[in-house]
Amino acid sequence: MFQVKEVNMNKTIELSTGKIIDLSRFIALIPNDETAGEGYSLILEGYPQAIALNSQEVSSIKKHLQIETEKKHNGTWDREEQLRLNQPKMKKLKEKIDRMKQEKPSAEKAEFFESFKKTMDAYRPEGRKLYEH
């Protein structure tokens, strides 16, 4: 069973080997099977390949991850707490959606949408057009 840890960091750290890691891009820290637990691979969002880390680097990253996760429910996600925290944002979003529903589209918006439909269908073959029927 997996335990979900909320890692929401916006910090860059420098490891002992000089590698600089942006932990806000952290996705996973995976042990390498080939080295019998000696090395790890760090996966960062937007980076095309895993980064090989030695045990000292892994300890440093784990320390930073643990510090951050302890501040957030001891590393566990509390659904009810998250819903409670999201209530003000959800209320504002609902108000905005209601306003948008009541708003009549202007002639400029309607003209733009017609232009958009023509652009979308301009290079599509017959039978594959989105707006022409």
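At 33% relative accessibility, Tyr 131 counts as partly exposed, a class that lies between buried (under 20% relative accessible area) and exposed (over 50%), as computed with a 1.4 Å probe on protein chains only. The structure is a predicted model, in which local features need pLDDT of at least 70 and side-chain atom pairs count only at pLDDT 80 or more, whereas totals for chains, interfaces and linings use all residues. Residues are numbered from 1 along each chain as its sequence is written, and side-chain values use heavy atoms, with hydrogens and water left out.

Three aromatic pairs are found in the structure, where rings of Phe, Tyr and Trp (its six-membered ring) pair if their centres lie within 6.5 Å, and planes under 30 degrees apart count as stacked, over 60 as edge-to-face and the rest as tilted. One of these is the edge-to-face pair of Phe 113 and Tyr 131, with 5.9 Å centre to centre and 85 degrees between the planes. This pair links distant parts of the chain, since Phe 113 belongs to helix α3 (residues 107-121) and Tyr 131 to the segment after α3, 18 residues apart; helices (H or I, at least four residues) and strands (E, at least two) are DSSP runs numbered from the N terminus. Phe 113 is itself partly exposed, at a relative accessible area of 39%. Phe 116 and Tyr 131 also form an edge-to-face pair, at 6.2 Å centre to centre and 65 degrees between the planes, and Phe 116 is likewise partly exposed, at 32%.

Apart from neighbours within four places in sequence, Ile 61 is in contact (heavy atoms within 4.5 Å) with Ile 13, Leu 15, Ile 21, Leu 23, Leu 29, Leu 42 and Leu 53.

An open sheet is formed by three strands in the order β3-β4-β5 with antiparallel pairing, two strands being paired if DSSP finds at least two bridges between them. Strands β3 and β5 are the edge strands, each pairing on one side only. Five bridges join β3 to β4, and Ile 30 stands opposite Ser 41 in β4.
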